[in-house]
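Subject: Structure for you to look over

Dear colleague,

I am handing over the structure we spoke about, with the sequence alongside. Please have it open while you read the notes that follow.

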Amino acid sequence: MALLEIKDLQTQFFTSAGTVKAVDGVSYTVEEGETVAVVGESGSGKSVTAMSIMRLIPWPPGKIVGGSINFDGKDLLALTDDEMRSIRGRDIGMIFQEPMTSLNPVLTIGMQLTEPMIAHLGMSEEAAMEKAKKLLGMVGMSEPDRRLAQYPHHLSGGMRQRVVIAMALACDPKLIIADEPTTALDVTIQAQILELMKNLTRELGVAMIIITHNLGVVARYADRVNVMYAGRIIESGVASDIYHRPRHPYTLALLKSVPRMDRQREAKLDPVDGQPPDLTKLDAGCSFRPRCRFAKDHCATSFPALEDIGGGHTSACFEKDNLDKEVKDVVG
Amino acid sequence: MSDAVNQKRSSRTGSSEGFDEVLVDVRDLKMYFPVTEGVFIPRVVAHVKAVDGVSFQVFRGETLGVVGESGCGKTTTGRCILQLEKPTSGEIIFYGDDITKYDSKQMIDVRKKIQVIFQDPYSSLNPRMKVGEILMEPMKVHNIIPDEVERQKRAKYLLNVCGLASAFADRYPHEMSGGQRQRVGIARALAMDPEFIICDEAVSALDVSIQAQVINLLEDLRDEFDLTYLFISHDLSVVRHISHRVAVMYLGNLVELADGDELFENPMHPYTNLLLNAVPIPDPDIEKTRAHEIIKGEIPSPINPPPGCVFHPRCPMAVDNCKKEIPQLREVKPGHWVACSEV
């Protein structure tokens, strides 16, 4: 059985402007030890899905209105708040984008690192400190003794993100959710942090959901990829299928719109036309339709279901078999 | 301001792509910010050497990309050219005159010709002004179009040029998406009919699908209005796409400068090499075969930069001499400049 199984998840925000269907029927699984990427642009629902798994959707205005989330044999949506609290930070670790906001500025690194171990694992302070030292060594920080006494503002952005990774690993989680873990960091530091996360998750056998908008990061680190658009997964599959045989016009358009360092420079980029849709005003048809080059009349009648096209590769598009010409442009 | 001085391409940091009129000449620019201690009687205890002796030229019609990580001085360099910072030393020659010596009155004329597009379209547009007013204000301040109706016409024209309907003139910034706001930021920069635009991370805050639209717009405008760009960004693939030449900065220094294609195909400075290596390529099969050589350590503090070559503590090629001798930018191949003694 999969470690995490999300089925038909629906999370909505009830705002004065109308109901925002931020996550609208998302299903995916994460197997033990694998790295799954969720790619999409702002407002595609990738972060809200992650927050729903952690049950951290603020009410009001947000609410999980349907679906199920099974983690390690438990239905997370059926748990009490106390039970959920014992899973958060213990079985599921989290890494957020901005390390300064996920660390407490007035507590030392040592206190923040040991707190979850004392609370969740019942460790003594001394034992927790010992383990904290080991964790800091694992995430590549020099002089762990001195670091434990320091405050977050003493550290650079990259170092802070290392501390956050150490915290996520502190209670030997089964799953880590990393929401844009390197977006705030410079490229060279990003490479360091991603390499570290990859090595640690493989060594320790931890599964990871990495949420990002960066297609390069996904190509380097993910086993499987889910592409989201306007609250739904529109394509999923193993990374090489998504990049070499995209079967959804949006994935195709995304791949075509980024300038690539490994290709000859092109005279012009080929952008996705138009704007992302207003999530309060979605109609029955495919939400990518207004920006899609392959759209036909029947795309307006209903939202295409996510269909398996072999090898675990799925696509939600009526025209998925008619993209060949443009796919060749991307794959070369 | 003196008349256009058609400086011919000098031997220093020159181009090879056929742009030969120097528009902006930055000479040995230094910008040190004082670090003070004490609340009532502040005294200077150190300096942040944000830009530490940078020289380059920008040719009319070209796009010069400036890349580097946070704190490398790329933004400060741009702000110095705009005279938003008074440089500690060095010269910025624009139309034959050193504009660092100009007073604020003299700068008014320069500001019409040099405009800026900022990263964050949320904070660089006044939330209380309608888009039309935002675009008309500079025309009014500089008195280029005294007539209100003409100004309105031009504001709408600028919106159309930047791919927005005229109706956007009556909207407020908060009613627009990030991509649309950035188009307004670009339209505002164009309002003055500038010659030179500094794009400081102009597309970095935008989503991938919108980013490509704005990059294409910037390129179209460059051709249509004969603009020259200084394109500052941390995103190497975007810089490669848009730039004719690219300068790489590290810790306040220019470490490499070359034609775009040359720099990305044949990087010579060890830092440039490692920087390019760190950029992931959106293709899992290529990524599997790439050696992921990673730069060790972090960027040192610009308050107390390392002696000798500033990159030596992290450099895989460093030898003893690098700790002592400051490498000068030298032309290794025609148009390819590198500041490394081991190249």
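The expected span of a helix is taken here as 1.5 Å times one less than its number of residues. Please bear in mind throughout that this is a predicted model.

By that rule, helix α4 of chain A, which runs over residues 109–121 and so has 13 residues, should span 18 Å, and the 19 Å between its end C-alpha atoms agrees with this. Within α4(A), the buried residues are I109(A), G110(A), Q112(A), L113(A), T114(A), P116(A) and M117(A). Just after α4(A) comes G122(A), which takes a positive phi of about 65°.

Next, the contact between the chains. Chain A contributes 35 residues to the contact and chain B contributes 35 residues. On the side of chain A that touches chain B, the elements giving two or more residues are α8 (187–204), α9 (215–221), α10 (239–244) and α11 (249–257) of chain A, and the largest share, six residues, comes from α8(A). By class, the residues on this side of chain A are 16 nonpolar, eleven polar and eight charged.

One helix pair that spans the two chains is α11(A) with α6(B), whose axes come within 9 Å and cross at roughly 45°. These two helices are therefore oblique to each other, and their crossing is left-handed. From α11(A), the residues A253(A), L254(A) and S257(A) meet V208(B), S209(B) and A212(B) of α6(B); this contact of α11(A) with α6(B) divides into four nonpolar residues, two polar and no charged.

Leaving aside residues up to four places away in sequence, L269(A) touches S257(A) and P259(A) in chain A, and A212(B), I215(B), N216(B) and H241(B) in chain B. Is L269(A) buried or partly exposed? It counts as partly exposed, because 19 C-beta neighbours lie inside 10 Å of L269(A), whereas a buried residue needs 20 or more. The C-alpha atoms of L269(A) and R232(A), which are 37 residues apart along the chain, are separated by 26 Å.

Within chain B, helix α6 (residues 208–224) also packs with helix α5 (residues 178–190), at an angle of about 15° and with their axes 10 Å apart. That makes α5(B) roughly parallel to α6(B), and α5(B) passes α6(B) in a right-handed crossing. The residues of α5(B) in this contact are G178(B), G179(B), Q182(B), R183(B), I186(B) and L190(B), and they meet I210(B), Q213(B), V214(B), L217(B) and L221(B) of α6(B). Sorted by class, the contact of α5(B) with α6(B) has six nonpolar, four polar and one charged residues.

Finally, some backbone details that I would ask you to check by eye. Most residues other than glycine have a negative phi, and most peptide bonds are trans. Against that background, a cis peptide bond joins W59(A) and P60(A), with omega about -15°, and another cis peptide bond joins P60(A) and P61(A), with omega about 5°. P60(A) lies in the loop between α1 (46–53) and β4 (62–71) of chain A, and P61(A) lies in the loop between α1 and β4 of chain A.

As for phi, E143(A) is not a glycine and yet has a positive value of about 45°. E143(A) is found in the loop between α5 and α6 of chain A, and it is exposed, because 10 other C-beta atoms lie within 10 Å. In chain B, E201(B) likewise has a positive phi, of about 55°, although it is not a glycine. E201(B) lies in the loop between β7 (196–200) and α6 of chain B and, with 19 C-beta neighbours inside 10 Å, counts as partly exposed.

With best wishes

Technical notes
Residues numbered from 1 in each chain as written. Chains lettered and ligands numbered in written order. Predicted model: local features only at pLDDT ≥ 70, side-chain atom pairs only at ≥ 80, totals over all residues. Contact = placed C-beta atoms within 7 Å. Helix = DSSP H or I, 4+ residues; strand = E, 2+ residues; numbered from the N terminus. Nonpolar A, V, L, I, M, F, W, Y, C, P; charged D, E, K, R; others polar. Buried ≥ 20, exposed ≤ 12 C-beta atoms within 10 Å, placed from the backbone. Axes fitted to C-alpha atoms, helices over the stretch in contact; angles between N-to-C directions. Parallel < 35°, antiparallel > 145°, perpendicular 65-115°, else oblique. Left-handed = near helix turned anticlockwise from the far one by under 90°.
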